[in-house]
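Open the model in your viewer and keep the selection tool at hand. The stops below are visited one after another.

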Amino acid sequence: MADLGIEEKPGHASPVVDNISSLSTELPDNVNDAGSREAFLASFTPEDNKAIMRKVDRRFLLLIGIMYLTKNIDYSNAANVKVLQVGEPSNILKELSMTANEYNWVQSIYFISYIIFEVPSNLLLKKMTPRIWQSRIMLTWGIVLACHAAIQGKQSYYALRFLLGLMEAGMFPGIAAQLCSWYRSDEMGRPIMWMFGFQNCSGIVGSLLAYGISYMNGLCGMSAWRWVYLLEGLYTILLAVVVYFVLPDYPKSPRSSKWLSPRAFTKTEVLRSLKDPRTYAFMINQVMVNLGGYGLSWYLPTITTNLGFAGLPRNQLLNIPPAAASVLAIIFAGNFLNRGYVTRPAFTQPIMAGMTVFFILLFTISSKAGIYVACVLSTMFYSVYFIPFWAWRSSTLQGMTGTAFTLAFQSSIGQLGGVIGPQLFQSKFAYNGYKTPFAICAAAIIVGWIANLCTWWLTRNVEWDVRRIRRLRIKAEKSGAVYAADDVQVYEERKFYGGLGKKDEVEVV
């Protein structure tokens with residue numbers, strides 16, 4: 001059992017977890033047939049399984065959470081610095097002689113380069129290993145971010161934002177593809193919960209940083225917004241060093257005790273992904289939801305400042321409740337998904353309903369308190385949506401190249417919402433509290449919901465299979481065993497549904 005990093009101790013009938021720095025994707029040579037494989041896996045106790053996954057969790061969850069937190073602070077800080085010292089000579093708009101509409105391009109340009117370079121970056125991940133490639137991503141984007149402190153005009157600002165998107169491209173789909181080699185599809189909710197939980201802490205941390213750094217305005221002759229970019233860039237550079245030494249690679253890599261068999265670029269897996277209608281269903285869903293969500297998140301600091309509930313610099317603190325509500329909802333969603341009560345697409349339905357309702361309220365009510373509450377809950381529903389979404393997406397990925405390409409392809413196109421969303425909030429719509437842009441965002445959310453339902457239909461069989469296997473694993477664990485009699489069928493899906501109705505499960509299990 002050394003291939004799974006487990007050492008059998010003399011005198012012990014069952015395997016004892018000794019060193020699980022490696023999780024092989026292959027079985028020992030003598031257990032390749034189905035019966036031996038089942039017997040081999042069944043020899044693990046629930047305690048063995050938990051010990052294995054605890055070690056995997058310890059190596060991944062905190063680190064990828066911090067990485068994703070840092071990424072979101074670094075790309076979203078442009079929204080926070082916009083309202084630092086607003087109305088004063090040291091405000092970024094005044095220093096760079098930019099209008100609000102010109103400033104919207106700061107975010108759109110970032111996403112344009114992100115989209116262009118997302119797929120190439122994720123495919124290079126296969127050649128460079130996750131540890132090297134992710135540390136390169138963080139190092140180069142940290143350098144670019146620190147260089148933002150030297151901006152002298154809008155042209156240099158635009159150029160650096162393009163470079164920032166280029167350097168960050170591939171981080172999220174790269175991590176997601178790597179996690180698919182360490183976690184089963186029904187277990188993906190946990191690492192996704194950690195990533196997005198930390199991501200939404202960025203709203204809290206970013207606002208507190210902006211609030212604190214605002215008091216450095218004028219220090220060493222630099223405006224507060226320049227200090228924000230410099231300090232966050234230097235921190236990201238230091239984190240890149242930590243990632244290089246700590247982030248695991250694949251289960252059988254040298255740093256995980258064994259090398260994962262080299263895989264060549266597989267053209268057939270890319271073509272299979274491009275021909276799969278599920279790829280485009282997920283993609284449309286993500287684009288539309290992101291269009292509404294990115295539009296709101298980009299203008300949230302401006303909206304909360306304009307509501308007038310707090311003056312400078314306490315206006316930054318108004319961005320904390322939306323982030324805090326999102327984190328709490330994400331923790332709940334991750335734990336709920338792990339219990340296998342419903343399929344992932346079924347769980348997204350109340351989330352989509354809540355998102356639609358509160359986005360509609362943003363352009364139909366006039367109460368300042370009501371608008372703020374709608375901002376908090378819209379942000380919460382948007383943020384929590386991607387916990388079941390990405391876990392759901394993982395169940396239909398096929399092959400190493402197919403996984404890397406599909407996640408990068410979908411993520412890159414999905415970021416179109418980040419290009420379009422900020423451009424909706426033009427100054428000409430400010431007179432009525434940006435009701436027109438919010439109406440467009442709400443319409444996009446509704447279209448995304450329709451795409452969500454279509455995607456659910458296309459994946460209904462495999463998702464029911466994921467739920468079924470998850471519940472069988474939970475049941476076996478409660479009885480003191482590890483379930484190994486069956487697994488989710490991705491390449492040849494089981495048919496649980498006939499038309500709109502579900503077949504008798506006995507027929508298909």
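Start by selecting α2, α4 (100-128), α8, α11 (277-306), α12 (320-338) and α14 (368-394), each of which supplies at least two residues of the lining of the largest cavity. Bear in mind that this is a predicted model. Within that lining, α11 gives the most, with nine residues.

Now go to the cavity itself, which holds about 700 Å³ of space. It is lined by 37 residues, and those closest to its centre are Asn 72, Tyr 75, Gln 199, Ser 202 and Ser 297. Colour the lining by residue type: 18 are nonpolar, 18 polar and one charged. The count of cavities of 30 Å³ or more comes to six.

Next comes the second largest cavity, with about 120 Å³ of space. Select Asp 186, Leu 337, Arg 344, Val 466 and Arg 470, the nearest to its centre among its 15 lining residues. Two or more residues of this lining come from each of α8, α12 and α18 (460-478), and α18 gives the most, with four. Coloured by type, the lining of the second largest cavity shows four nonpolar, four polar and seven charged residues.

Most residues other than glycine have a negative phi. Select Gln 85, in the loop between α2 (46-82) and α3 (92-95); its phi is positive, near 50°. Gln 85 has a relative accessible area of 10%, so it is buried. Then select Cys 220, between α8 (189-213) and α9 (224-246), where phi is also a positive value, near 55°. Is Cys 220 buried or exposed? Its relative accessibility is 65%, so Cys 220 counts as exposed.

Technical notes: Residues numbered from 1 in each chain as written. Predicted model: local features only at pLDDT ≥ 70, side-chain atom pairs only at ≥ 80, totals over all residues. Heavy atoms only, no water. Buried < 20%, exposed > 50% of the residue type's maximum accessible area, 1.4 Å probe, protein only. 1 Å grid on protein atoms, 1.4 Å probe; cavity = no way out; pocket = protein on both sides within 12 Å on 5 of 7 lines; lining within 4 Å. Points joined across faces, edges and corners; volume = space filled by probe spheres on them. Nonpolar A, V, L, I, M, F, W, Y, C, P; charged D, E, K, R; others polar.
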